[in-house]
Amino acid sequence: APAPGLKRLNTLYLIGQETGRLRAGQAPFAAVLKLLGEEIKADRALLFLYDEAGEKLAARSLWVAVPGQAGALRVSKTILVKALREKTALLVADTSQDALLAGRQSIVTGRISSSICVPLAGHEQRIFGVLFLDIFDAARHFTREELDFASLVAHQVGWGLENTQLTRQLEQKNRELQQHLEALKQLDHAKDEFIALISHELRTPLSLIAAYTGFLQDPGTAPDLREESLRNIEEGSARLIEITDRLVLMMALMNGKQSCEPVRTDLSSVVAETMECLGTAAAARKVETVSRLPAGEFWVKADPELFPQALRLVLGNAVRFNKIGGRVEISATRLQDRVALAVADTGTGISAAVMPSLFQRFACGGTMEHHQEGIGMSLALCREILKLHQGSIRAESPGQDQGSTFILELPAADA
């Protein structure tokens with residue numbers, strides 16, 4: 001037979017093998033308690049662990065030398081509390097003589113003659129739980145040597161739990177980092193597309209202005225062409241102002257410098273005014289716009305300058321990306337303390353692949369804004385404006401070429 005020292009070293013090695021399984025997400029506590037209990041001839045071994053918040057201690061594993069022998073017998077709370085509070089291993093060699101248990105004889109009547117309690121501490125002295133070992137036989141008692149061995153095992157388990165937790169945290173941080181990197185790559189790609197798109201958007205009206213200015217400078221230009229040139233220069237200038245205003249607003253929103261002062265607002269009046277502003281664009285595409293909002297029925301808290309801009313962007317997209325002869329319908333619903341405004345169109349729709357990035361700052365809604373007029377920031381602007389109102393915006397669509405619905409939610413105001 002091996003010498004006692006070698007046998008104990010072998011047991012410690014086997015326990016180390018078991019605690020190593022923690023890294024694989026397994027819970028080898030029953031095997032550890034069995035090896036430890038048999039090595040120091042305990043009658044019972046228990047392992048308690050804290051929850052992830054480190055607040056609640058609960059039993060995780062139990063081993064008894066004789067099945068059914070006092071498995072449900074309570075451990076000494078006095079010993080447990082002292083070991084955890086002082087973060088130290090405790091040996092109660094003889095429960096009937098120990099000063100710690102003076103006046104607390106319930107443990108003796110419960111047939112526990114000797115106890116060991118060792119906190120499961122990591123390298124940074126964080127306590128993950130506790131090992132508790134008992135002897136029921138009044139003729140036997142734990143020794144200091146057995147306490148030292150139990151402490152070695154507790155350190156192995158504590159370090160194993162700490163390493164497992166650190167590994168999981170590292171894996172989680174790595175996953176988060178990968179997600180952030182992927183998001184940055186997507187944002188960088190979208191930014192490049194945005195710059196290319198806005199360059200095109202700026203170049204178009206600038207080129208028209210330059211071309212028609214040349215006509216005006218030519219003395220031989222016919223009067224009707226001069227009139228057309230002035231009209232096109234005016235339209236190009238208005239487009240440049242629109243693009244510039246959106247960029248300025250986006251920068252103010254991004255930098256937190258845009259103020260928002262919501263007031264009690266009749267939603268139907270804002271919708272009617274916006275529809276009137278877009279009447280020419282809707283007529284050009286033969287798009288029918290219909291409002292289902294009764295006057296004075298839906299009142300919201302809205303900034304009189306910012307919210308109409310957001311609504312104009314949403315309705316403008318609904319007209320611009322609609323099919324010729326399409327339809328836009330606006331309706332509203334009261335949702336407890338909020339009002340949901342729905343803008344439904346029969347236009348190009350939104351594919352499932354585009355939906356997650358639809359409201360990003362540099363997103364262009366898939367291909368629809370590449371092929372048609374627009375600089376790909378309308379929906380991002382709407383989202384930021386609605387956020388200032390403590391509101392939100394979301395989109396629904398059955399898919400590409402199947403229309404879409406945008407729902408804008410605002411805090412309701414008393415009528």
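Arginine 8 lies over the face of phenylalanine 149, at 5.0 Å from the ring centre. This comes from a predicted model.

**Aromatic pairs**

Rings also pair with rings. The count comes to two aromatic pairs. One joins tyrosine 212 and phenylalanine 215 in an edge-to-face arrangement, with 5.7 Å from centre to centre and 65° between the planes. The angle is over 60 degrees, so the pair counts as edge-to-face. Both residues belong to helix α5, which covers residues 144-217. They are three residues apart there, so about one helical turn separates them. Tyrosine 212 is buried, with a relative accessible area of 15%. Phenylalanine 215 is partly exposed, at 34% relative accessibility.

Phenylalanine 359 and phenylalanine 406 form another aromatic pair, again edge-to-face. Their centres are 6.4 Å apart and their planes stand at 80°. This pair links distant parts of the chain, 47 residues apart. Phenylalanine 359 is in the loop between β10 (338-345) and α10 (368-371). Phenylalanine 406 is in strand β12, residues 404-411. Phenylalanine 359 is buried at 13% relative accessible area, and phenylalanine 406 is buried at 7%.

The table sets out the two pairs.

| Pair | Centre to centre | Angle between planes |
|---|---|---|
| Tyrosine 212 and phenylalanine 215 | 5.7 Å | 65° |
| Phenylalanine 359 and phenylalanine 406 | 6.4 Å | 80° |

**Two helices that meet**

Two packed helices are described by the angle between their axes and the distance between the axes. Helix α9 spans residues 306-320, and helix α11 spans residues 378-388. Their axes come within 9 Å and cross at roughly 150°. The crossing of α9 and α11 is left-handed.

Which residues meet there? On the α9 side they are Leu306, Phe307, Gln309, Ala310, Leu313, Val314 and Asn317. On the α11 side they are Ser378, Leu379, Leu381, Cys382, Ile385, Leu386 and Leu388. By class, the contact of α9 with α11 has eleven nonpolar residues, three polar ones and no charged ones.

**Glutamate 18**

Glutamate 18 belongs to helix α1, residues 4-19. Is glutamate 18 buried or exposed? Its relative accessibility is 19%, and the limit for a buried residue is under 20%, so glutamate 18 counts as buried. Leaving aside neighbours within four places in sequence, glutamate 18 is in contact with Pro28, Ala31, Val32 and Leu35.

Methods: Residues are numbered from 1 along each chain as its sequence is written. This is a predicted model: local features need pLDDT of at least 70, side-chain atom pairs count only at pLDDT 80 or more; totals for chains, interfaces and linings use all residues. Side-chain values use heavy atoms; hydrogens and water are left out. Axes are lines fitted to C-alpha atoms, for helices over the stretch in contact, and angles run from 0 to 180 degrees between N-to-C directions. Helices (H or I, at least four residues) and strands (E, at least two) are DSSP runs, numbered from the N terminus. A crossing is left-handed if the near helix is turned anticlockwise from the far one by less than a right angle, and right-handed if clockwise. Contact means heavy atoms within 4.5 Å. Ala, Val, Leu, Ile, Met, Phe, Trp, Tyr, Cys and Pro count as nonpolar, Asp, Glu, Lys and Arg as charged, and the others, Gly among them, as polar. Rings of Phe, Tyr and Trp (its six-membered ring) pair if their centres lie within 6.5 Å; planes under 30 degrees apart count as stacked, over 60 as edge-to-face and the rest as tilted. Buried means under 20% relative accessible area, exposed over 50%, partly exposed in between (1.4 Å probe, protein chains only). A charge sits over a ring if NZ of Lys or CZ of Arg is within 6 Å of the ring centre and within 35 degrees of the ring normal.
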